[in-house]
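Here is a predicted model to work through by question and answer. Take the strands, then the helix, then the cores.

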Amino acid sequence: MCSANAPTPRRWDGTSARSPRSRSLRVDADSPTRLVRSAQPGRCSDCGNRVDWHPCADGDGRPVGLHPHELPAAVVPALRRWHVSSGIAHPAHDGTPWCRIPHTALCPTRSAPTALTPQLTTLRRHLALHTRRLINNGTLTAPAAPPPPERTKPCKPARPIAHLLGVHYIASHPIGIIQCVAQTRQRHRCTRPILGDQAPHGTWTLAPTTLINHRSRPGETMAVYNLTHLPFAEQMRWRHQHCPGHAASSAADLALTEWEPFDPRLHHQHIHQRLPHGGCKQHQGA
């Protein structure tokens, strides 16, 4: 025989293991509607904690999710106090010492409201611990991290195609960082780029995708850094991979030039069919 003071059996999460006694629903005499209404218990899809769903009085008929337990009205901000009357949730306080609060104000997967009292902060922490237990037990799947925001940066081909001296070449580095190969007076390689600020620049154009035998594929174009409009001496400086300061210098080279004759069949992955002046959307960290 069980004692009347025997402790109530509890589950691992602290809830009662006893099934609640069923009760019949009836329409109250002063109910504002003849529709039988009762809180629809459920679980938050984000945190897994219990939520009571009630039809809202001043909404468009959609239910509102409330924390399943009443709280002292003194610990709940006035703008977050709700009360339930005849199964309908009202976004206001009814003057009693108790009130309800929306689950969204306590959900640990949402940003914490700025006006949380210490009691509500403690309750929110308790719900967060329960969510962590559900995730660890495999009952709840952790919410997926939002995709990283996209940022736009200029499209700069890693291996650009250049046209100079009547030949298409492919570089090993972007145009702006191709390094001079000449030797300095300290017998080190020059660290300046061949794209000088004061020297004339080339222009990006769309050119037909040429084959080795100078035929073109119909309708196929590629972005080319065109230098053919520059003087012959300037094109030779680019071909020799010298910065403007070493254009007429007799200094030796400390490295081989990095130009390769362009072959669409070998370098097809480096063909870009639009000019690099626009922006490329890339994920952060890419």
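Q: Which residue in S10 stands opposite Ile 161?
A: Strand S9 covers residues 161-164 and strand S10 covers residues 167-170. The two run antiparallel and are joined by 4 bridges. Opposite Ile 161 stands Ile 170.

Q: Which residue in the turn of the S9 and S10 hairpin has a positive phi?
A: The hairpin leaves 2 residues between its strands.

Q: Which residue in S13 stands opposite Tyr 169?
A: S10 also pairs with strand S13, residues 260-261. This pair is antiparallel, with 2 bridges. Facing Tyr 169 is Pro 261.

Q: Within what arc do the buried residues of H2 fall?
A: Helix H2 spans residues 232-240, and its buried residues are Glu 234, Gln 235, Arg 237 and Trp 238. They line one face of the helix, because, seen down the axis of H2, they fall within an arc of 155 degrees.

Q: Which residues are exposed on the other side of H2?
A: The buried side holds Trp 238, among others. The other side of H2 has exposed residues. These are Phe 232 and Ala 233.

Q: How many residues does the largest nonpolar core have?
A: Ile 175, Tyr 225, Trp 238 and Trp 259 have the most contacts inside this core. S9 and strand S12 (216-226) each supply at least two of its residues. The core has 19 residues.

Q: How many residues are in the second, separate core?
A: Its members include Val 75, Ile 101, Ala 105 and Leu 123. The count is 12 residues.

How values were computed:
Residues are numbered from 1 along each chain as its sequence is written. This is a predicted model: local features need pLDDT of at least 70, side-chain atom pairs count only at pLDDT 80 or more; totals for chains, interfaces and linings use all residues. Side-chain values use heavy atoms; hydrogens and water are left out. Two strands pair if DSSP finds at least two bridges between them. Buried means under 20% relative accessible area, exposed over 50%, partly exposed in between (1.4 Å probe, protein chains only). The arc is that of the directions from the helix axis to the C-beta atoms. A nonpolar core is a set of buried Ala, Val, Leu, Ile, Met, Phe, Trp, Tyr and Cys residues joined through side-chain atoms within 4.5 Å.
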